[in-house]
Amino acid sequence: VFSVQQSLHPEIQEIILNEAASHNSLLTFVNPDDWVPNTWHLGISGKHQIENASLACAMASQWISTCRPNLKLSANDMKSSLEAVRWPGRQQIVSVSPNLTLFLDGSHTLESILATASWFEKSKTSPTSKSILYFHCSPDRDFKSLLRPLLEMHESFHKVYFMLPESVHGDTCRILETHREMSDYWNNRTGKAISEIIGSDFTQL
């Protein structure tokens, strides 16, 4: 079993330790610095992605040494593979037209939202273009925590839309109420009434 140290979530680390012990499994906590040098430029940025990449390297190395000992996995193999990683919907840039470019990311944790905010700021093609934020968060998540990194850069957004999902699973009224709360929260924190609630078809705007 491979994992990384869960310094921000000690309760999760305790679960990992207990589960490994209950199955009599060897548990290895991977040090990202041992696998992913800071000179590598991963296809998807973010500290958590470096941890994910180090786990992938450690597991691949272990599997090859155990199941395919005749194969060789070099550091260059790992570097070129990780730098070529593309994940649709994660830090993806889609050029729709000369006047419309989408920056897509399905962030769902504070760590990934922080990485997305940094990626967006570095990836914007024009400082004079108008940036519109589309945001969705399910009612079971802490939207205030997830919005915090985006609120810190609120001046970057000309308009903010909180998007209702195309297909709703669960309490429709609760989902709508959550989006109203998000819109009010954004407007109150920024002092600007620039956010609205819309459906999933942004092309109608």
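A residue counts as buried under 20% relative accessible area, as exposed over 50% and as partly exposed in between (1.4 Å probe, protein chains only). The model is a predicted one, in which local features need pLDDT of at least 70 and side-chain atom pairs pLDDT 80 or more, while totals for chains, interfaces and linings use all residues. Numbering starts from 1 along each chain as its sequence is written, and side-chain values rest on heavy atoms, without hydrogens and water.

Cys 137 is buried, at 3% relative accessibility, whereas Cys 173 is exposed, at 63%. A disulfide requires a pair of cysteine sulfur atoms within 2.5 Å. The cysteine sulfur closest to that of Cys 137 belongs to Cys 173 and is 18 Å away, too far for a bond. By this rule there are zero disulfides.

Ser 54 belongs to helix H3, residues 47-67; helices are DSSP runs (H or I, at least four residues), numbered from the N terminus. Ser 54 is buried, with a relative accessible area of 0%. Beyond its neighbours within four places in sequence, Ser 54 is in contact (heavy atoms within 4.5 Å) with Val 4, Val 30, Pro 32, Trp 35 and Val 36.

Two packed helices are described by the angle and the distance between their axes. For H6 (residues 143-151) and H7 (residues 172-190), the angle is about 40 degrees and the axes are 11 Å apart; axes are lines fitted to C-alpha atoms over the stretch in contact, with angles from 0 to 180 degrees between N-to-C directions. H6 and H7 are therefore oblique to each other, a term for angles that are not under 35 degrees (roughly parallel), over 145 (roughly antiparallel) or 65 to 115 (roughly perpendicular). Among the residues making the contact are Phe 143 and Leu 147 of H6 and Met 182 and Trp 186 of H7.

Note on methods:
Helix = DSSP H or I, 4+ residues; strand = E, 2+ residues; numbered from the N terminus.
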